[in-house]
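Please go through the structure below with this briefing at hand. The points are grouped by topic.

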Amino acid sequence: MAVAVRGAETLYTNSMANISRVFKKTCSNGKLSIYLGKRDFMDHVDMVEPIDGVVLVDPDYLKGQKMFVVLTCAFRYGHDDLDMIGLTFRKDLYVQVQQVIPAEPTSPQKPFTALQEQLLHKLGENAYPFTLEMVVNLPCSVTLQPGPEDIGKVRSCGVDFEVKSFCAENTEAKISKRDSVWLVIRKVQFAPLESGPGPWAQTICRFLLSAQPLQLQAWMEREVYYHSKPISVNVSINNCTNKVIKKVKISVDQITDVVLYSLDKYTKTFFIQEFTETIAANSSFSKSFAVTPLLAANCQKQGLALDGKLKHGDTNLASSTILRLEMNKELLGILVSYKVRVNLMVSSGGIQGDLTASDVGVELPLIFMHPKPPHVSASSEDTVIQEFTQQEAGGKETQEALAAQGDK
């Protein structure tokens with residue numbers, strides 16, 4: 001049995017099987033709505049998932065005008081409204097425009113996806129489908145975490161994507177925010193199904209008055225590790241010196257290259273853990289250490305690269321950037337990579353002890369990504385429509401979940 005709550009424009013159904021979710025956003029004047037089946041679109045390196053959706057328009061509002069849907073990839077390094085001597089703190093990396101009404105005769109007619117067929121049947125004759133294709137050489141969504149004093153004041157520096165729709169006589173017309181609707185989406189990469197062999201590193205360090213050296217080896221079992229999951233770091237030490245090793249320190253660094261407008265490179269150490277392990281002189285040691293870097297412990301670290309945000313708190317550490325050989329790095333805006341460092345605190349012992357300690361270390365490259373999620377096809381049973389209002393004065397995007405009964 002379905003229950004309708006008209007005041008909130010919400011329909012609930014008791015059948016919860018085969019539910020699919022659709023994202024909806026309506027412009028401030030209530031005349032134009034955009035529907036998308038998801039907000040994360042996967043980059044397979046050689047191709048990107050198409051953006052398929054539906055636009056619902058009030059026919060009285062259209063009034064003989066044309067309706068457009070625009071996909072924009074932009075690099076932002078300041079607030080949209082912040083202008084200085086005519087310069088905006090934004091650079092559009094890619095813009096794709098599709099005229100939905102009337103459809104251009106030269107544009108190829110693509111078959112409807114299952115999502116579009118379902119929405120067209122549900123929304124009626126004033127709904128129109130669109131499909132946008134991303135080119136493969138665009139960057140993935142990424143944002144640099146603002147400092148605690150900047151949160152809520154300015155939009156973070158980074159690369160983001162948005163789908164926008166409006167009605168006008170042409171694309172050059174000036175459109176107010178009230179008369180247009182836009183929905184932020186993300187372009188994401190997931191870890192390959194098959195991971196390559198793990199990295200390995202070694203260093204040999206010689207000390208004064210020690211006839212034999214200290215040998216440190218470190219390696220990881222695989223090439224790719226997932227966000228929020230433990231990373232296994234294997235350490236082997238052959239201490240043929242007269243020194244004593246007091247601690248093993250493992251840290252993880254994020255390296256961010258901002259390549260669009262400068263050659264800035266930032267290295268942020270966002271994880272450090274020390275293990276008290278005493279390795280005596282002329283002895284050997286071997287152990288596997290498990291470390292788990294988390295964004296939760298670095299929420300105040302300014303400049304840390306994160307996956308593009310859709311709403312407050314809905315993000316994580318940025319995934320490693322996977323490049324094709326022919327890619328133009330400057331077009332990517334921000335490149336993200338990681339490394340694991342293993343350091344030993346070597347003490348000479350005696351009276352001075354740790355005052356004369358030395359640091360011996362190696363570095364291992366790390367590919368940090370999300371696992372590929374299971375494929376979920378559009379359901380013909382029940383649909384949950386999650387509606388987002390336009391941004392409020394405080395800059396926060398509010399949302400309301402609308403559960404709508406399926407095809408009837």
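Arg-76 counts as buried because its relative accessibility is 1%, where buried means under 20% relative accessible area, exposed over 50% and partly exposed in between (1.4 Å probe, protein chains only). The model is predicted, so local features need pLDDT of at least 70 and side-chain atom pairs count only at pLDDT 80 or more, while totals for chains, interfaces and linings use all residues. Residues are numbered from 1 along each chain as its sequence is written, and side-chain values use heavy atoms, with hydrogens and water left out.

**Strand S7**
- Arg-76 lies in strand S7; helices (H or I, at least four residues) and strands (E, at least two) are DSSP runs, numbered from the N terminus.
- The side chains of Arg-76 and Asp-160 make a polar contact at 2.6 Å. A polar contact is a pair of N or O atoms within 3.5 Å; within protein, one must be able to donate a hydrogen and the other to accept it, and residues adjacent in sequence count only if both atoms are side-chain atoms.
- Thr-72 is also found in S7, which covers residues 66-76, and is buried with a relative accessible area of 8%.
- Leaving aside neighbours within four places in sequence, Thr-72 is in contact (heavy atoms within 4.5 Å) with residues including Arg-90, Tyr-94, Asp-160 and Glu-162.

**Thr-292**
- Thr-292 sits in the loop between strand S21 (283-291) and strand S22 (305-307).
- Its relative accessibility is 30%, so Thr-292 counts as partly exposed.
- Not counting residues up to four places away in sequence, Thr-292 touches Ser-228, Lys-229, Pro-230 and Phe-271.
- Val-252 is 40 residues from Thr-292 in sequence, and their C-alpha atoms are 9.6 Å apart.

**Aromatic rings**
- A search of the whole structure finds 4 aromatic pairs. Rings of Phe, Tyr and Trp (its six-membered ring) pair if their centres lie within 6.5 Å; planes under 30 degrees apart count as stacked, over 60 as edge-to-face and the rest as tilted.
- One of them is edge-to-face, because the rings of Phe-270 and Tyr-338 have planes at 75°, with centres 5.9 Å apart.
- This pair links distant parts of the chain, with Phe-270 in strand S20 (residues 264-279) and Tyr-338 in strand S23 (residues 334-347), 68 residues apart.
- Both Phe-270 and Tyr-338 are buried.
- The rings of Phe-275 and Phe-289 have centres 4.6 Å apart and planes at 45°, so this pair is tilted.
- Phe-275 is in S20 and Phe-289 in S21, 14 residues apart; both are buried.
- Phe-270, Tyr-338 and Phe-368 are linked into a cluster by ring pairs.

**Charges over rings**
- The charged end of Arg-222 sits over the ring of Tyr-225, 4.1 Å from its centre. A charge sits over a ring if NZ of Lys or CZ of Arg is within 6 Å of the ring centre and within 35 degrees of the ring normal.
- Arg-39 lies over the face of Phe-23, at 5.8 Å from the ring centre.

**Sheet and helix**
- An open sheet is formed by 5 strands in the order S17-S24-S23-S19-S20, with mixed pairing; two strands pair if DSSP finds at least two bridges between them.
- The edge strands are S17 (224-226) and S20, each pairing on one side only.
- S23 pairs with strand S24 (residues 358-369) in the antiparallel sense over 9 bridges, and Leu-364 in S24 is the bridge partner of Val-340.
- In helix H2 (residues 114-123), the buried residues are Leu-115, Gln-116, Gln-118, Leu-119 and Leu-120.
- Gly-124 follows H2 and has a positive phi, near 95°.
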